[in-house]
Amino acid sequence: DQYSLGELRASHEQNLILADVKLSELFALWQKANAAALATPNTGLITDIICCPGGDLCSLAKARSVPVAHAVQKRFDDIDYQLDLGEIDLNISGCMNSCSHHHVAHLGILGVEKEGAEWYQISLGGAQGNEAAIGTVIGRAVPAPEVPDVVEQIIRVFVEHREGDERFIDVVHRIGLDPFRARVYGSVGAANEEVKNV
């Protein structure tokens, strides 16, 4: 009401937008948003996760999404490191309906039910916009406690193969999925065999 003529918008990336802020009031608004823990400068970074409500709030979900998103955010809570990594779209869905667009994420996480337990498929290489693409599942699903470790291993492969300021998605396209599979599953063969048994 005070800064944006009473208008608040929500983007499809789950960010809140005040569309009509005077430049002279921008710093004061930022101070208030920061005091309310609403000014994290992570737009487009690995912790700027699109996350569906998952099994905690949605009857369609096969697995919870929010706790997994929090665990990944906690693992990558160093903003300087996030800025060094650059643009990474990470989206988490609790079911195949993909309310969180995991299919078109650079790094997608999909919750699935496996023998009554919650497991998570990892996909790489998705993109939205003019270069839209569906990501590819890299191997067997993993239990929730392993998801932050798997994401960290994927990021380590990216950092090791990155040339200059190359983006995550560009490294994935350049080197392919096998280096990521080998790091996460111990070998490409194990990942390729296990993906059939998700």
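Arg-140 counts as partly exposed in this predicted model, because its relative accessibility of 25% falls between the limits of 20% and 50%. The residue belongs to the loop that runs between β7 (136-137) and β8 (142-143). Along the chain, Arg-140 and Ile-122 are 18 residues apart, and 8.1 Å separates their C-alpha atoms.

Val-72 and Leu-90 are likewise 18 residues apart in sequence, with a C-alpha to C-alpha distance of 9.7 Å. Val-72 is part of helix α2 (residues 66-75), and this valine is buried, with a relative accessible area of 1%. Val-188 lies in helix α7 (residues 188-194) and is partly exposed at 25% relative accessibility. Between Val-188 and Ala-35 there are 47 Å in space, C-alpha to C-alpha, for a separation of 153 residues in sequence.

| Residue pair | Separation in sequence | C-alpha to C-alpha distance |
|---|---|---|
| Arg-140 and Ile-122 | 18 residues | 8.1 Å |
| Val-72 and Leu-90 | 18 residues | 9.7 Å |
| Val-188 and Ala-35 | 153 residues | 47 Å |

**Aromatic pairs**

A pair of aromatic rings is described by the distance of the centres and the angle of the planes. In this model the count comes to 4 aromatic pairs. One of them joins Phe-76 and Tyr-81, whose ring centres lie 6.4 Å apart with 10° between the planes. This pair is classed as stacked because an angle of 10° is under the limit of 30 degrees. The two partners also have their own burial classes: Phe-76 is buried, with a relative accessible area of 3%, whereas Tyr-81 is partly exposed at 32% relative accessibility.

Phe-158 and Phe-168 make up another aromatic pair, with 5.3 Å from centre to centre and 75° between the planes. Here the class is edge-to-face, because 75° is over the limit of 60 degrees. The pair links distant parts of the chain: Phe-158 sits in helix α4 (residues 147-161) and Phe-168 in helix α5 (residues 168-175), 10 residues apart. Phe-158 is buried at 0% relative accessibility, and Phe-168 is buried at 0% relative accessibility as well. Together with Phe-180, these two phenylalanines form one aromatic cluster.

A ring also takes part in a contact with a charge. The charged end of Lys-114 sits over the ring of Trp-119, at 4.3 Å from the ring centre.

Most residues other than glycine have a negative phi, and most peptide bonds are trans. Ser-98 is not a glycine, yet it has a positive phi of about 55°. This serine is located in the loop between β4 (90-93) and β5 (107-114). Ser-98 is buried, because its relative accessible area of 12% is under the limit of 20%.

Glu-115 is another residue with a positive phi of about 55° that is not a glycine. The loop that holds Glu-115 lies between β5 and β6 (117-124). Glu-115 is exposed, because its relative accessibility of 84% is over the limit of 50%.

Ser-93 is found in strand β4 and is buried, with a relative accessible area of 0%. A polar atom of the Ser-93 side chain lies 3.3 Å from the backbone nitrogen of Ser-100. The side chain of Ser-93 is also joined to that of His-102 by a polar contact of 3.0 Å.

**The largest pocket**

Rolling a probe the size of a water molecule over the atoms shows where empty space is left. The largest pocket holds about 830 Å³ of space. Its lining consists of 26 residues, and those nearest its centre are Asn-15, Leu-16, Leu-38, Ala-39 and Thr-40.

By residue class, this lining divides into 15 nonpolar, 8 polar and 3 charged residues. Both β2 (16-17) and α1 (26-35) supply at least two residues each to the lining of the largest pocket. The largest share of that lining comes from α1, with 4 residues.

Conventions. Residues are numbered from 1 along each chain as its sequence is written. This is a predicted model: local features need pLDDT of at least 70, side-chain atom pairs count only at pLDDT 80 or more; totals for chains, interfaces and linings use all residues. Side-chain values use heavy atoms; hydrogens and water are left out. On a 1 Å grid over the protein atoms alone, a cavity is a set of points where a 1.4 Å probe fits but cannot get out, and a pocket is an open set with protein on both sides within 12 Å along at least five of seven lines; lining residues have an atom within 4 Å of a point. Grid points are joined across faces, edges and corners, and a volume is the space filled by probe spheres set on the points. Ala, Val, Leu, Ile, Met, Phe, Trp, Tyr, Cys and Pro count as nonpolar, Asp, Glu, Lys and Arg as charged, and the others, Gly among them, as polar. Rings of Phe, Tyr and Trp (its six-membered ring) pair if their centres lie within 6.5 Å; planes under 30 degrees apart count as stacked, over 60 as edge-to-face and the rest as tilted. Buried means under 20% relative accessible area, exposed over 50%, partly exposed in between (1.4 Å probe, protein chains only). A charge sits over a ring if NZ of Lys or CZ of Arg is within 6 Å of the ring centre and within 35 degrees of the ring normal. A polar contact is a pair of N or O atoms within 3.5 Å; within protein, one must be able to donate a hydrogen and the other to accept it, and residues adjacent in sequence count only if both atoms are side-chain atoms.
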